[in-house]
Amino acid sequence: MRDRVTDALYGLGWSTVKKLPEPAAAALGRTIADIAWKRRGKSVLRLESNLARVVPDAGPERLAELSKAGMRSYMRYWMESFRLPTWSAERVENSVEIKDVHHLKDGLASGRGVILALPHLANWDLAGVWVTRTLGIPFTTVAERLKPETLYDRFVAYRESLGMEVLPHSGGEAFGTLARRLRSGGLVCLVADRDLSASGVEVKYFGETARMPAGPALLAQQTGALLLPVTLWYGAEPFMQGQIHPPVQVPETGTRADKTSSMTQALADAYATGIAEHPEDWHMLQRLWLADLEPRGEQGEQT
């Protein structure tokens with residue numbers, strides 16, 4: 001029953017929100033965000049706890065301000081995402097400004113594949129549409145299998161409608177397909193700032209240990225593709241801005257594990273720079289640091 005309700009709610013969002021006038025959709029998003037923030041539920045408490053690591057000098061009042069702004073940013077992501085299929089190519093182009101795109105263009109022009117790896121900042125779906133429609137570059141990504149299966153199917157259909165090739169994040173098949181796309185000189189985009197599995201790579205993140213996916217670094221090593229960190233943030237309405245950071249180099253010496261660890265840490269450092277500059281646009285409403293995996297008597301968690 002819970003799965004059916006969840007699927008129905010997302011279906012309502014995609015079918016109804018995109019039909020609303022722009023001001024009404026934006027106002028609805030802010031209203032939902034403010035209600036959720038005032039209820040102080042599990043997700044809000046987790047977001048605030050995570051932000052406390054990012055802004056360690058912030059007192060309770062500042063953290064509350066940041067978490068409220070964070071929930072508004074998060075709901076802006078959803079309102080935009082529900083409406084993205086109706087956006088024209090011109091609207092997308094005029095809504096996004098990305099710095100140092102030459103890193104991406106030069107990498108693809110050289111015949112190498114390129115991996116764009118980014119954290120949960122601002123609207124990564126909008127950034128993807130900007131890549132496919134404004135730059136005219138198709139890419140491949142992966143999506144976590146969601147429950148119910150119908151909800152996963154909705155997400156896949158939604159992202160494919162935006163011009164993305166979407167692979168299920170399960171087993172080793174996705175990695176092999178991504179590697180083939182990169183060896184043929186293609187583009188792969190991955191949201192890669194959280195991995196609590198045993199295969200995750202431990203990194204220092206805002207002074208504490210977290211785990212991030214090994215996939216981007218391993219793909220770069222095995223295919224020779226360029227690995228580029230990306231950070232995003234919301235600027236003045238209606239713009240979203242971003243930065244493509246310089247390439248993460250494959251170390252010349254060391255074991256594969258050593259190289260993967262070094263490269264993943266470099267990604268984490270680039271992410272941390274963007275998150276510290278725009279903490280209100282960081283949509284991390286789940287546990288991230290290893291120290292939080294064991295309950296500490298806090299009020300609720302979201303896994």
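Helices (H or I, at least four residues) and strands (E, at least two) are DSSP runs, numbered from the N terminus. On that basis, K99 sits in strand β1 (residues 96-99). What you have here is a predicted model, where local features need pLDDT of at least 70 and side-chain atom pairs count only at pLDDT 80 or more, while totals for chains, interfaces and linings use all residues. Residues are numbered from 1 along each chain as its sequence is written, and side-chain values use heavy atoms, with hydrogens and water left out.

- K99 counts as partly exposed because its relative accessibility is 40%; with a 1.4 Å probe and protein chains only, buried means under 20% relative accessible area, exposed over 50%, and partly exposed in between.
- The C-alpha atoms of K99 and G242 are 6.1 Å apart, although 143 residues separate the two along the chain.
- Setting aside neighbours within four places in sequence, K99 is in contact (heavy atoms within 4.5 Å) with W233, G242, Q243 and I244.

**The second largest pocket**

- This pocket holds about 440 Å³ of space, and of its 20 lining residues A26, R30, R76, E80 and E237 are the closest to its centre.
- For the terms: on a 1 Å grid over the protein atoms alone, a pocket is an open set of points where a 1.4 Å probe fits, with protein on both sides within 12 Å along at least five of seven lines, and lining residues have an atom within 4 Å of a point.
- Grid points are joined across faces, edges and corners, and the volume is the space filled by probe spheres set on the points.
- Helices α2 (22-39), α4 (60-83) and α5 (89-95) each supply at least two lining residues, with α4 giving the largest share, seven residues.
- The lining has seven nonpolar, three polar and 10 charged residues, where Ala, Val, Leu, Ile, Met, Phe, Trp, Tyr, Cys and Pro count as nonpolar, Asp, Glu, Lys and Arg as charged, and the others, Gly among them, as polar.

**The largest nonpolar core**

- The core has 85 residues, and L104, L187, Y205, L232 and W282 touch the most other members; α4 gives the most to this core, with eight residues.
- A nonpolar core here is a set of buried Ala, Val, Leu, Ile, Met, Phe, Trp, Tyr and Cys residues joined through side-chain atoms within 4.5 Å.
- Beyond its neighbours within four places in sequence, Y205 contacts A210, M212, A268, Y271, A272, I275, W282, L288 and W289.

**Helix α9**

- A174, T177, L178, A179 and L182 are the buried residues of α9 (residues 173-183).
- Their cover includes β2 (114-118), β3 (139-143), β4 (164-168), β5 (187-191) and α10 (215-223).
- Just after α9, G185 takes a positive phi of about 90°.

**Aromatic rings**

- There are seven aromatic pairs in the structure: rings of Phe, Tyr and Trp (its six-membered ring) pair if their centres lie within 6.5 Å, with planes under 30 degrees apart counting as stacked, over 60 as edge-to-face and the rest as tilted.
- Y74 and W78 make an edge-to-face pair, 6.4 Å centre to centre with 80° between the planes.
- W78 and F82 make a tilted pair, at 5.6 Å and 35°; these two are about one helical turn apart because they are four residues apart in α4.
- W78 counts as buried because its relative accessibility is 10%, and F82 does so at 7%.
- Y74, Y77, W78, F82 and W124 form one aromatic cluster.
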